[in-house]
Structures are given as structure tokens and as C-alpha cells.
Amino acid sequence: MRIPSLLLLTALIVNVHGLGAQTLLATPSTVAWGFYSAKAKPVLTVGSGATVTIQTLSTCGPAERLESEGVKATDIPQYVRDIYAKVPVADRGPGGHILTGPVAIEGAEPGDVLEVKIEKIAIDVPWACNGFGPGRGFLPDDFPYGRTKIIPLDRERMTAAFAPGVTIPLHPFFGSMGLAPPEGAGKYNSAPPWMHAGNIDNKEMVAGTTLFIPVNAKGALFEVGDGHAGQGNGEVDITALETQLTGTFQFVLHKGSLDDPHRLVWPRGETPTAYIAMGFSEDLKAATEMAVRNMITFLSEQMTEHPKLSREDAYALISTACDVDITQLVDTKMGVHVMCAKSLFKDR
């Protein structure tokens, strides 16, 4: 969805077609720069079932940097300049992602689960950036310097012209979608994913998929950003096809209890064809163990569309029919996800 320039000058939050859907624009007063927090003040509050279209920034930096790297000034939205100019330095960090939100969900309490249905994702600009810096990425000793590459995007053909003779198909998704962490975590850095989801960088979470996130703070407090036009599993140089995205999300609150031993503790994804369990840790083996255990828990305790399996059968099914994939290797905490095809369950 492209936001008309006239709309940028109007209210930050507007009704769409009078149907109760709302649009949340990215402005200096509607972004959280580099953090998730249980104490963050909501910029919008909606009820369960509400649909919100949310505009976001990329991680490619300020307009001046983009122009110096070859992006046309006319291809950089004005709100990028406004946000970099007007968000106080004291309000930035500890991470670098500029996230739009938080959006509070009425009635959300710790122990609940927020279902985030990703209905639409639109690429807002004809470019993406990819870059790495000294000491960053999966191979920092091999590339002890920095580089940024601007990559033209064809939004009609949904391709990126990476290099002469090299074309990348586009599959836009948000690298960071998350809720507030527990209050004791304070102002949590936007870089490492955790139980609140956040910077999961899972390329499966395209339009038409769903993310289930455990609620750890009153109101849930959803934030989104870090738009990617595409990414390879691993995201090895630390960035993907970073770009500006606008997404449409429906929020559905599922009430729960912190006393429920079977409640969702870690984020879970779902595509039209697969269930996804996730794991995050500074250690890749630990992240993998977490993802596999979380899929075992889902199949044996949490699945509702098919009779639950025993823990032993769940373990065996993952080994014989599911895929254990590296999500990303570069976000402080590495990510691993298990994909379990829905076609395995004939009784669905």
C-alpha cells in the first residue's frame, strides 16, 4: 500500500473506508527507536479483531546517507527525514531498529497470546540496501571493513536487480514484529529476538502467515519494523534486502493464564502450509534444541486442529518429516526454526 503524500500531512491515525480499520503512519511521535518496553506509551489502542495498516522505516539510515549511496532524493519518503531530524537522541537506543508503535490491545494481560495475522505487505520504495560493517556479520574476520550496496527493486515484476545477470525474487516480510517483554527486562534492545518475538528475521512470515506471540505485559504493546524485500536463511552478512514496508495486520487476542502449564511461552508461526516453532540463543546448538523442544511441545500439548501426539511420536515426526532450518546467525541471539507441514495431518 502506498500512502498518498496528502495523507502524510493529516492525522497520524485515520479510519479507512469507515470500516473501523485504521492506519498508523511512521512519524517522530509514533516510533520506538531501538527498543521494546513494557513501560512504552501506546500510540494506538485497538480491540481484539481490529485491523491496522502500519507504515515503517528501513534500517538503511538517514536520507543523507542514502543519497550519498546513490538513492534519488525523490525516492526517499519525507517521513524518513522527519524522524531522523526530530526524534531526540535521548530517546534512541539501545538498538538501531526504528519500529512503529507500540499498538496496545485492549484487555491483553500476561499469560494471554496475541495472534498477529499478516494480511498484506507492500514495498514503499524502489530500492533496498544491504550492508555490513567491521566486526559484524557471521564472518567478521573475512570482511574487516564496511560496505553498503543499493539494490534497485522492480515492484511490478517483484524482483531485485542484484547484479548484472543476477535477479532476486522478492518476498517481503518484516524482520521485527514483537510485543513488550516482561517489565523486568527494562528497555530491551531491538536487536536480539526473545520470548517477545522482536527481531526474529524469519523469511517465512510473508503476507498470508500468522505469528503467535505470548503476552508478557499489559496491553501486549505490538511494534513492527525492519522491512525486508527478501532474505536468505542465515542473513549471514547481518542485513537482508532492507527496505521500506507498509503492512496490514489483524490482531486477535486469546485469553490465557500464567498458571496454565501448557501455555505458549515462545513465539510460534503458521503459514498456509506449515507450523513453525522457534528457538533463540547466543549458542546455535542451544537455539536448535529450543526450536525442536518447542515443536515437540506444540505437537504434544498445544495443537488444536489434530489429535495431539505423544512426546515420543512428536520427536520422531520431527526427525522423519519436518525441517530444522537456521533462521539467522547474526542478531546476537541466533535463530532456528522447525517447519512441520500441515499436509502430514490428514484429519485437519
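Two strands are taken to pair if DSSP finds at least two bridges between them, and the close-up views below, all drawn from a predicted model, begin with strands described in these terms.

**View 1. Strands E11 and E12 are joined as an antiparallel hairpin.** Four bridges join E11 to E12, and the two strands run antiparallel. Within this pairing, Ala-163 has Val-166 of E12 as its bridge partner. Two residues lie between the strands of the hairpin, and Gly-165, which sits in the turn, has a positive phi of about 85°.

**View 2. Strands E10 and E11 form a hairpin with four residues between them.** Strand E10, residues 147-154, and strand E11, residues 159-163, run antiparallel and are joined by two bridges. Leu-153 is partnered by Ala-160 of E11, while the bridge partner of Asp-154 in E11 is Thr-159. In this hairpin, Met-158 takes a positive phi near 55°.

**View 3. Strands E9, E10, E11 and E12 make up an open sheet.** The four strands follow one another in the order E9-E10-E11-E12, with antiparallel pairing. Strand E9 (127-132) and strand E12 (166-169) stand at the edges, and because each has a single partner strand, one side of each is left without a neighbour in the sheet. Direction ignored, neighbouring strands of this sheet are turned by 30° against each other on average. Strands of a sheet pair through backbone hydrogen bonds, in either a parallel or an antiparallel manner.

**View 4. His-196 is a buried residue in a loop between two strands.** The loop that holds His-196 runs between strand E14 (188-189) and strand E15 (197-198). His-196 has a relative accessible area of 0%, and is therefore classed as buried, a term used for values under 20%. When residues up to four places away in sequence are not counted, His-196 touches Tyr-36, Met-177, Gly-178, Leu-179, Ala-180, Pro-181, Tyr-188, Ile-213 and Pro-267. One of these contacts, Tyr-188, falls within the residue range of strand E14 (188-189), at one end of the loop in which His-196 is found.

**View 5. Val-236 contributes to a nonpolar surface patch.** Val-236 is found in the loop between strand E17 (222-228) and strand E18 (245-254).

How values were computed:
Residues numbered from 1 in each chain as written. Predicted model: local features only at pLDDT ≥ 70, side-chain atom pairs only at ≥ 80, totals over all residues. Heavy atoms only, no water. Patch = residues over 30% accessible without salt bridge, like charges linked within 9 Å, V, L, I, M, F, W, Y side chains within 5 Å. Areas by Shrake-Rupley, 256 points an atom, 1.4 Å probe, with all protein chains shown as cover. Salt bridge = Lys/Arg side-chain N within 4 Å of Asp/Glu carboxyl O. Buried < 20%, exposed > 50% of the residue type's maximum accessible area, 1.4 Å probe, protein only. Contact = heavy atoms within 4.5 Å. Axes fitted to C-alpha atoms, helices over the stretch in contact; angles between N-to-C directions.
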